[in-house]
Amino acid sequence: MKLFHKTSAVSFYMIHSGFMAFKARVKEELDAAGGGNLDDLLDDDSLHAYYRNGDSPDYVAASLCPTCEED
């Protein structure tokens, strides 16, 4: 009995790389708004919940730093 399918490694890579791109985009948004360091504000597990919900990086950055200035 196989526990893993052949595509599970590829699926994991796609999910993981998508999350890393999402995290990078949130960092960019926070840097642009002067919101501080993402790693100080939120851990990866909590950030992954936003990613799974399909929230936009703009929304996540705004919810982490509501007092940041907007363009």
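Modeller: Let us begin with a term: a contact means heavy atoms within 4.5 Å. Among contacts in the protein between residues at least 6 apart in sequence, 62% join residues at least 24 apart.

Biologist: What sort of model is it?
Modeller: It is a predicted model, in which local features need pLDDT of at least 70 and side-chain atom pairs count only at pLDDT 80 or more, while totals for chains, interfaces and linings use all residues. Residues are numbered from 1 along each chain as its sequence is written, and side-chain values use heavy atoms, leaving out hydrogens and water.

Biologist: How many helices and strands does the protein have?
Modeller: The protein has 4 helices and 0 strands. Both are DSSP runs numbered from the N terminus: helices are H or I with at least four residues, and strands are E with at least two. The order from the N terminus is α-α-α-α.

Biologist: How many aromatic pairs are there?
Modeller: The count is 2 aromatic pairs. Rings of Phe, Tyr and Trp (its six-membered ring) pair if their centres lie within 6.5 Å; planes under 30 degrees apart count as stacked, over 60 as edge-to-face and the rest as tilted. Phe19 and Tyr51 form an edge-to-face pair, because their ring centres are 5.7 Å apart and their planes stand at 70 degrees.

Biologist: Which helices do Phe19 and Tyr51 lie in?
Modeller: Phe19 lies in helix α1 (residues 8-33) and Tyr51 in helix α3 (residues 44-53), so the pair ties together parts that are 32 residues apart in sequence.

Biologist: Is Phe19 buried or exposed?
Modeller: Phe19 is buried, at 6% relative accessibility. Buried means under 20% relative accessible area, exposed over 50%, and partly exposed in between (1.4 Å probe, protein chains only). Tyr51, at 26%, counts as partly exposed.

Biologist: And what about Phe22 and Tyr51?
Modeller: Phe22 and Tyr51 form a tilted aromatic pair, with 5.4 Å from centre to centre and 50 degrees between the planes. Phe22 lies in helix α1 and Tyr51 in helix α3, so this pair ties together parts that are 29 residues apart in sequence. Phe22 counts as buried at 7% relative accessibility. Phe19, Phe22 and Tyr51 form one aromatic cluster.

Biologist: Changing topic, where is Thr67 found?
Modeller: Thr67 is in the segment after α4 (57-64). Thr67 is exposed, with a relative accessible area of 75%. Thr67 and Gly34 are 33 residues apart in sequence, and their C-alpha atoms are 9.7 Å apart in space.

Biologist: What percentage of the 71 residues is buried?
Modeller: Buried residues make up 23% of the 71 residues in the protein.
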